[in-house]
Amino acid sequence: MASTSSLALSQALLARAISHHGSDQRGSLPAFSGLKSTGSRASASSRRRIAQSMNKNRSLRPLVRAAAVETVEPTTDSSIVDKSVNSIRFLAIDAVEKANSGHPGLPMGCAPMAHILYDEVMRYNPKNPYWFNRDRFVLSAGHGCMLLYALLHLAGYDSVQEEDLKQFRQLGSKTPGHPENFETPGIEVTTGPLGQGIANAVGLALAEKHLAARFNKPDAEVVDHYTYAILGDGCQMEGISNEACSLAGHWGLGKLIAFYDDNHISIDGDTEIAFTENVDQRFEALGWHVIWVKNGNTGYDEIRAAIKEAKAVTDKPTLIKVTTTIGYGSPNKANSYSVHGAALGEKEVEATRNNLGWPYEPFQVPDDVKSHWSRHTPEGATLESDWSAKFAAYEKKYPEEAAELKSIITGELPAGWEKALPTYTPESPGDATRNLSQQCLNALAKVIPGFLGGSADLASSNMTLLKAFGDFQKATPEERNLRFGVREHGMGAISNGIALHSPGLIPYCATFFVFTDYMRGAMRISALSEAGVIYVMTHDSIGLGEDGPTHQPIEHIASFRAMPNTLMFRPADGNETAGAYKIAVTKRKTPSILALSRQKLPQLPGTSIEGVEKGGYTISDDSSGNKPDVILIGTGSELEIAAQAAEVLRKEGKTVRVVSFVCWELFDEQSDEYKESVLPSDVSARVSIEAASTFGWGKIVGGKGKSIGINSFGASAPAPLLYKEFGITVEAVVDAAKSFF
């Protein structure tokens, strides 16, 4: 990099990026602008590392080309590029050293590719991290987050000031130990568990392709941005990355460009001990374009040429394998596991400063580097202003499409959308809640522009097909049915990416409830990163019958009730299913899980959409003075059993309250007065029934209450026999209630 006057590369390399350079003034933005503002020489060990990698991969040569370096005169002074790259390295080194905790190796090795991305290629507005048409970047190898914090700091994001860098990994800082989108504006998704990030990136790229296909016009391109990611060997080893990248290739996500940090080092040492597959050929088989940058340490032009080539390939995603040296510049720790996850130490920091010729104090960014990067603030404002003007013209010419797109961008739901949800009476035909769920899904898709989703190869069983729409495929990206195949983990993480792309994108994904075991990692990240994914989980209990214990969830409901920022719904009928969807759609920062039945259930008297909003509510009560003889509490298919047991007890002269506990988390949010009106503290005679683990029910029924459930695995048999075998019966509830009298 050089002075501002020579900031751009040749048009032959980066025409798209430099077309926006030049303006120093922030023009006044139209009312709607997307969203609110809120190398020195390589060491001998490094050179050996490059040579080893080249020899190892020689067999790939006709299959995977190295990036072709164009013979152009760079307009950016290479000395400022070196200085900028080293600024990134030493900000990372200094922050990790001050915290005495962190991962300096990745930032030191990836600084060149990251610098070129953020300084020369990507389009963003640092003063409005939420501008809709920005390019997205995902650091899938989230442990190297000081790389990202350094980039945000240099680029002028208000969220990462020098003091924030000094507070790396400290309580309450904007620079936590892994990137957190809810903590630091400029971070797109929360990464750390390896492989999640690249799968999120697939979701982000899917969202761009879908919205571009729906809303762009021949004379107006209002959706046009790239998704970039950096992933490492650890991400490549995790199965989720293969699931997601397989789908990315199948879908032809041409604006997804992933950089593979090929440094061959993981925590346990050289990857030769456990990871020797041919990644290049695997990705080619997945349908990706693959490029190899042999010298990721100082080969700036190779990196630039690879990005240019990747952008020219529009029908498939691109993997740019960049061979780097982890901990580049450290004389004694580079190319070793010791630089992966620990501070260098005072002596090695000093040796690295000497080795790279870095005379600056900790956290000091040279003035010429600051000056060079400062242009991103006015340029970013101009990018957003230009896009806003383009959208304003689009809005005049295509008002209906613009209104839909604006809803997706802002998250503002259409007025009266909830009226589309079906309602039921006790006279309505009984049905499995999975079928009632499909009625809700199809009703919502008609009125919410950003509603889309699909199943992990179980659409016909989960009942998740949107009948008014076709399949999102490579040739039909405007459609809204997503076919994930048997890839539950990838499905969940891709859905997170979709949800975090734009506030008005509301993804749902589906499988059998028991198979949440395959996707729990992604579901936890949904909760942590405030991604309001709707998880449609059918076959919710032993009620699924003959498939047996491998498919019958037992502990699952309790485990998700224990997960923070998660709504665990188990609706009993049509009204409760509709009520669960109403809440799930509005809770954009909280994922919702709907556990739905395979078996047919009646439409119960007393259930309501409004009741679901309270989490727990009374569906029938013949007592007075808030003093029933006994309170029977049920969820899902067992609420019917509780209601039937109440009728038996009432015939015997007892006053009985029946309570639906459809969502514990929502009940916990209610006032003490409301809770007392449902579960009066003076009434200790309480019985719960749920065809699942009884774990946790003690806080609902109290120390003297009784919980009926299943604390063992299920069995293979018809559902009615299983309910009798495991004691999930009216008789069991009646007997438990009578024990209080």
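In this predicted model, strand β9 (residues 451–455) runs parallel to strand β11 (residues 506–512), and the two are joined over 5 bridges. One point of this pairing can be located by residue: Gly453 has Tyr508 of β11 as its bridge partner.

The pairing of β9 with β11 belongs to an open sheet of 6 strands, whose order is β10-β9-β11-β12-β14-β13 and whose pairing is parallel. At the edges stand β10 (481–483) and β13 (567–569), each of which pairs on one side only. From one strand to the next, the twist averages 20°.

Nonpolar side chains tend to be buried together in soluble globular proteins. The largest nonpolar core here comprises 76 residues, and Trp251, Leu253 and Trp288 have the most contacts inside it. Helix α7 (residues 196–215) supplies the largest share of this core, namely 11 residues. Because domain 1 (78–380) and domain 2 (417–596) both contribute residues to this core, it lies between them. Apart from this core lies another, of 57 residues, which includes Ala92, Val96, Tyr118 and Ile303.

Leaving aside residues up to four places away in sequence, Trp288 touches Cys245, Ala248, Gly249, Leu256, Ala258 and Phe283, together with Lys316, Pro317, Thr318 and Leu319.

Notes. Residues are numbered from 1 along each chain as its sequence is written. This is a predicted model: local features need pLDDT of at least 70, side-chain atom pairs count only at pLDDT 80 or more; totals for chains, interfaces and linings use all residues. Side-chain values use heavy atoms; hydrogens and water are left out. A nonpolar core is a set of buried Ala, Val, Leu, Ile, Met, Phe, Trp, Tyr and Cys residues joined through side-chain atoms within 4.5 Å. Buried means under 20% relative accessible area, exposed over 50%, partly exposed in between (1.4 Å probe, protein chains only). Helices (H or I, at least four residues) and strands (E, at least two) are DSSP runs, numbered from the N terminus. Domain bounds come from an automatic or database domain assignment. Contact means heavy atoms within 4.5 Å. Two strands pair if DSSP finds at least two bridges between them. Axes are lines fitted to C-alpha atoms, for helices over the stretch in contact, and angles run from 0 to 180 degrees between N-to-C directions.
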